[in-house]
Amino acid sequence: IRPERIEYYEVNKVEGKIPRCDLLIVAGGDGSLFYSVDRLEDNETLILHVNLGRKGVLAEAELAELEEKIEALKNKKYSVEEVRKIEAYVNNEKLGEAINEIVFASESLKGIMEIEVEVESLGTFCIDATGILVATPLGSTAFSMSAGGPVVDNSLEALVITPILAKRKWAPLVVSNNKKIKIVKRGGKEKPTIIRDGLEEIRINEEDRLYIVGSRKKVKLIRFDEQYLLRRLRRALIE
């Protein structure tokens, strides 16, 4: 980290990608982190997330700690949590990437659809539910957990497949992130939609197929101790 040159950006006012930099400090809630990662040009950039939101489940520092944490960075007293992204494709067209989750759900997030899920080399199942989400280990403490999914250590190269409001009980699945996952609507009156990290909602046609795969790209989050997973879990469980 070379502090000789510092530039400040209001991310929501930056056109295109955020320029390459050694360190990106994101001040805001988890949504600000997702938005910044989505706009970041260089996957080697280190990211320090400073909480300005209500919970900041993924944040590593509070605003009052910022000066102390900057000193720790300068003295190289930190570690890096590498988060592997996932990619979404509709038919053969890339939709985008996510670090938390990709959701396939009914447009109203209330009605039931018949959804078919195929996991490469493992098989296919159908479920009546409001939706299905595919989460990274980072995202396992977010929407996936609230829907009944397991918490997963981010050192595992895994994806979590979690039903949303299933008509009948169905256990979440944890699979290797080298598996391609195909999701398609098979029945029901509800229209399908895709939500990527809460950043955008994309309406799709009834016959469209959603493919989700693990990406080669990673995001590098700065951590100052080894308890970030349990800290994240405690924050997520606070009402």
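The legends below describe close-up views of a predicted model.

**View 1. The salt bridge between R231 and E60.**
In this predicted model, R231 and E60 form a salt bridge in which the closest N and O atoms are 2.5 Å apart. R231 belongs to helix α4 (residues 228-237), whereas E60 sits in the loop between β2 (46-51) and β3 (61-62), so the pair ties together parts of the chain that are 171 residues apart in sequence. R231 is buried, and E60 is buried as well. Across the structure as a whole, the count comes to 20 salt bridges.

**View 2. The salt bridge between E81 and R223.**
E81 and R223 form a salt bridge whose closest N and O atoms are 2.8 Å apart.

Two residues lie between the strands of the hairpin, where N91 takes a positive phi near 60°. K94 also forms a salt bridge with E87, the closest N and O atoms being 3.7 Å apart. Elsewhere, salt bridges that share partners join E60, E81, R223, D225, R231 and R232 into one network.

**View 3. Helix α1 and the elements it packs against.**
The buried residues of α1 are D30, L33, F34, S36, V37 and R39. These buried residues pack against β1 (23-28), β2, β4 and β14. In general, an α-helix has 3.6 residues a turn, so residues three or four places apart point the same way.

**View 4. The largest cavity and its lining.**
Four cavities of 30 Å³ or more are found in a search of the whole structure, and the largest of them has a volume of about 60 Å³. Its lining is made up of F34, V37, D38, K85, E97, A98, I99, R196, D197 and L199. The elements that give two or more residues to this lining are α1 (30-39) and β5 (93-98), and the largest share, three residues, comes from α1. Sorted by class, the lining holds five nonpolar and five charged residues, with no polar ones.

**View 5. The second largest cavity and its lining.**
The second largest cavity has a volume of about 50 Å³, and the residues lining this space are V37, L40, N43, T45, I47, K85, K218, V219 and K220. Strand β14 provides the largest share of the lining, with three residues. By class, the lining divides into four nonpolar, two polar and three charged residues. V37 and K85, named here among the lining residues, are also listed in the lining of the largest cavity.

**View 6. The second largest pocket.**
The second largest pocket holds about 290 Å³ of space. Of the 13 residues that line this pocket, those closest to its centre are D30, K55, V57, T141 and A142. The elements that give two or more residues to the lining are α1 and α3 (143-146). The lining residues divide into six nonpolar, four polar and three charged. D30, one of the residues closest to the centre of the pocket, is also among the buried residues of α1.

**View 7. I204 and its contacts.**
I204 lies in the loop between β13 (200-203) and β14, and, at a relative accessibility of 10%, this residue counts as buried because the cut-off for buried is under 20%. When its neighbours within four places in sequence are left aside, I204 is in contact with V90, F104, P192 and I194. From I204 to I47 the separation is 157 residues in sequence and 33 Å in space, taken from C-alpha to C-alpha.

How values were computed
Residues are numbered from 1 along each chain as its sequence is written. This is a predicted model: local features need pLDDT of at least 70, side-chain atom pairs count only at pLDDT 80 or more; totals for chains, interfaces and linings use all residues. Side-chain values use heavy atoms; hydrogens and water are left out. A salt bridge is a side-chain nitrogen of Lys or Arg within 4 Å of a carboxyl oxygen of Asp or Glu. Helices (H or I, at least four residues) and strands (E, at least two) are DSSP runs, numbered from the N terminus. Buried means under 20% relative accessible area, exposed over 50%, partly exposed in between (1.4 Å probe, protein chains only). On a 1 Å grid over the protein atoms alone, a cavity is a set of points where a 1.4 Å probe fits but cannot get out, and a pocket is an open set with protein on both sides within 12 Å along at least five of seven lines; lining residues have an atom within 4 Å of a point. Grid points are joined across faces, edges and corners, and a volume is the space filled by probe spheres set on the points. Ala, Val, Leu, Ile, Met, Phe, Trp, Tyr, Cys and Pro count as nonpolar, Asp, Glu, Lys and Arg as charged, and the others, Gly among them, as polar. Two strands pair if DSSP finds at least two bridges between them. Contact means heavy atoms within 4.5 Å.
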